[in-house]
Amino acid sequence: QMEAAAREYCQLIDQCNECGKGQYWLRRMEKLLPRIHSAVLSLQAPANMNCGYNFPNDDMRCELFMHLNQVLINDNILWSGLDPIDLKQCLCEALADDFTDIYFDLKNGLELLQQHPQQPNYAIGTWRTSFYNHWGQHLMDAESWLHAVESRNYQSLSAAMQFFKMA
């Protein structure tokens, strides 16, 4: 369940190339994130495994963040009716950051599965450790932002962004 959800997420991020498809793409993402959340919470901690956290390559992380941010911010269909512009920019940056960090942590586990097909506990331990140490908060934030966008709850978005800017 976790492997399939991680694979689907990484493929969805890899396919994020076009403006104007944001509503479809974000709706798929909105449905996928809770599945990932449920899957990672259901993972059992591997016995006798001490999994550290590996930070992704900064250049690759920055490149993906910039790409996702650009695709999101240029999607006029997705953001129609969202004012002011700084709210849109702030939300796109927050989502791009969340999506990027989740991507690299899930991809790390998938790469471990590929490198050690007979030892799935490496990936399981890494996913669990990185979830609790890093990408879990990004997952919850992304779920919250996407819900607000989907429901067109712009007051909620604005209040959340004000809090986000202060934090």
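**Exercise 1.** Determine how the end-to-end distance of helix α5 relates to that of a straight helix.

*Solution.* In this predicted model, local features need pLDDT of at least 70, side-chain atom pairs count only at pLDDT 80 or more, and totals for chains, interfaces and linings use all residues. Residues are numbered from 1 along each chain as its sequence is written, and side-chain values use heavy atoms, with hydrogens and water left out.

Step 1. Helix α5 covers residues 120–150, 31 residues in total; helices are DSSP runs (H or I, at least four residues) numbered from the N terminus.

Step 2. A straight helix would reach 45 Å, the expected span being 1.5 Å times one less than the number of residues.

Step 3. The end C-alpha atoms of α5 are only 36 Å apart.

Step 4. A kink of about 70° in α5 is centred on Phe131; the bend is the angle between axes fitted to the seven residues ending at a residue and the seven starting there.

**Exercise 2.** Describe the surroundings of Leu43.

*Solution.* Step 1. Leu43 belongs to the loop between α2 and α3.

Step 2. Its relative accessible area is 12%, so Leu43 is buried (under 20% relative accessible area, 1.4 Å probe, protein chains only).

Step 3. Beyond neighbours within four places in sequence, Leu43 contacts Met2, Ile124, Trp127 and Arg128 (heavy atoms within 4.5 Å).

Step 4. Arg128 stands 85 residues from Leu43 in sequence, yet their C-alpha atoms are 7.2 Å apart.

Terms used. Helices (H or I, at least four residues) and strands (E, at least two) are DSSP runs, numbered from the N terminus. Buried means under 20% relative accessible area, exposed over 50%, partly exposed in between (1.4 Å probe, protein chains only).
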